[in-house]
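Here is a short report on a single model. Have the sequence and the 3D view open while reading.

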Amino acid sequence: SDADRSLPRARHRRPPGRKEGVLAGRGIRVSTYCPLLTLKRKRAADSPTAGAAGTVLVFAPGAGGTTAKAMIELHRQLEAEGVHVYRCDKASWNTRSPGRTANFSRVIEVAQTAAANHQDPQRIVLGGASFGNRVLAELLRTRFHDLPPKTCFALLSCGYPLHALGKPEGADPRRAAHLTQLPAVCHVLFVQGNEDGFLRPRGIVALRDVAANMSARTQIHEVAGGTHVVPEAKGLAKLGLSKAQVVGGVRDAILGFLACPEGEPQQVAGSSGVAAGDSSTSGDAAGGASASVVPSPPKGSD
């Protein structure tokens, strides 16, 4: 009625989390409040993995010189969280000597390209698979000064090849030495399957023993049923786990590490049945100090 139209309209302020929209074709403005969306956004911002966004990950593949498909899929999940991944694929590794200049040159080249493409990255972190981890450990130890500014003294190690397939434990002492010679300022996250043939005969226990003798700060994220190729796993039905749970646990452990590669280790619970923080070890008291920010492989060969 005309009387109703003459009444003053009440004015309402939109509370936080309220959003407005216009119904298509009608010009009617609708205001809706979505508390669940607000809560999800707050939880995402408070997540220990949230700080990984803006990080550049330079990834070195195994002895074959090409990143495995399972790892590429994992990289896509990291990229969805804001991580910039640069792979050192088509690498012609000298597998007899990880510390060769030619091996280092490929990683440094990719790292410099990444730094040029991101003028002000949050940080640059080196990560690798299998033999690539041996190259990166030697690079960090001997040629860190050749890496771009904002490179962290940190290593994301996916599937470290502690023992060659078919060889007795300790047959090649260099494999453990790459790790034990890393300085205390370094921080290492091992993402390792407990069914990895490159850890036999003692399995993940052998890697824990090496980590205990390292001066660097270390974390081990054990992948239940995990093989040498992270994040692949087998026998998940017997373990009561799904592939999504295992991959999600690996992803979150890596994101937590990338968010704080030089600070205190993130205690990110993995969905693979083992918490990422449960296996953390420190070589000595100096290992707890923060680091400074400075400007399908051939069988048995990793």
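The report below goes through strands, a helix, loop contacts and salt bridges.

## Basis

This is a predicted model. Every value below was computed from it.

Start with strand β7, which covers residues 187-193. The strand is mostly covered, with seven of its seven residues buried. In a regular strand, side chains alternate between the two faces of the sheet. In β7, His187, Leu189, Val191 and Gly193 point one way. Val188, Phe190 and Gln192 point the other way. Both sets are buried.

β7 pairs with two strands that can be traced here: β6 and β8. Strand β6 spans residues 151-158 and runs parallel to β7, with five bridges joining them. Within this pairing, Leu156 stands opposite Leu189 in β7. The chain gets from β6 to β7 through helix α6 (residues 174-180), in a right-handed β-α-β crossover.

On to β8. β7 and β8 are also paired in the parallel sense, over seven bridges. Val188 stands opposite Thr218 in β8. Here the chain crosses through α7, and this β-α-β crossover is right-handed.

Arg217 is found in strand β8. Is Arg217 buried or exposed? Its relative accessible area is 3%, under the 20% cut-off, so Arg217 is buried. The Arg217 side chain makes a polar contact with the side chain of His187, at 3.3 Å. His187 is itself one of the buried residues of β7.

Asp196 lies in the loop between β7 and α7. Asp196 has 2% relative accessibility and counts as buried. Which side chain does the side chain of Asp196 meet in a polar contact? The partner is His228, at 2.9 Å. Setting aside neighbours within four places in sequence, Asp196 is in contact with Gly159, Tyr160, Gly226, Thr227 and His228. Take Val223 as a distance check: Asp196 and Val223 are 27 residues apart in sequence, and their C-alpha atoms are 9.6 Å apart.

Thr227 sits in the loop between β8 and α8 (236-239). A polar atom of the Thr227 side chain lies 3.4 Å from the backbone nitrogen of Val229. Beyond neighbours within four places in sequence, Thr227 is in contact with Gly193, Glu195, Asp196, Glu232, Ala233 and Lys234. Gly193 belongs to β7, and Asp196 to the loop between β7 and α7.

## Helix α9

Helix α9 runs over residues 243-259. How far apart are its end C-alpha atoms? They are 24 Å apart. At 1.5 Å a residue, the 17 residues should span 24 Å, so the two values agree.

Of those 17 residues, 12 are buried, so α9 is largely enclosed by the rest of the structure. The buried residues include Val246, Val247, Val250, Ile254, Leu255, Phe257 and Leu258. Gly248, Gly249 and Gly256 are also among them.

Arg251 is partly exposed at 22% relative accessibility. Asp252 also counts as partly exposed, at 22%.

## Salt bridges elsewhere

How many salt bridges does the model hold? The count comes to 12. One of them joins Arg208 and Glu222, at 2.9 Å, N to O. Arg208 lies in helix α7 (residues 204-212) and Glu222 in strand β8 (residues 217-223), so the pair ties together parts that are 14 residues apart in sequence. Arg208 is partly exposed, at 28% relative accessibility. Glu222 is buried, with a relative accessible area of 12%.

Another salt bridge joins the side chains of Asp172 and Arg175, at 3.6 Å, N to O. Asp172 is partly exposed at 23% relative accessibility. Arg175 is buried at 5%. Both belong to a network of salt bridges that links Arg134, Asp172, Arg174 and Arg175.

How values were computed
Residues are numbered from 1 along each chain as its sequence is written. This is a predicted model: local features need pLDDT of at least 70, side-chain atom pairs count only at pLDDT 80 or more; totals for chains, interfaces and linings use all residues. Side-chain values use heavy atoms; hydrogens and water are left out. A salt bridge is a side-chain nitrogen of Lys or Arg within 4 Å of a carboxyl oxygen of Asp or Glu. Buried means under 20% relative accessible area, exposed over 50%, partly exposed in between (1.4 Å probe, protein chains only). Helices (H or I, at least four residues) and strands (E, at least two) are DSSP runs, numbered from the N terminus. Two strands pair if DSSP finds at least two bridges between them. A crossover is right-handed if, with the strands pointing away from the viewer, the path from the first strand over the helix to the second runs clockwise. The expected span of a helix is 1.5 Å times one less than its number of residues. Contact means heavy atoms within 4.5 Å. A polar contact is a pair of N or O atoms within 3.5 Å; within protein, one must be able to donate a hydrogen and the other to accept it, and residues adjacent in sequence count only if both atoms are side-chain atoms.
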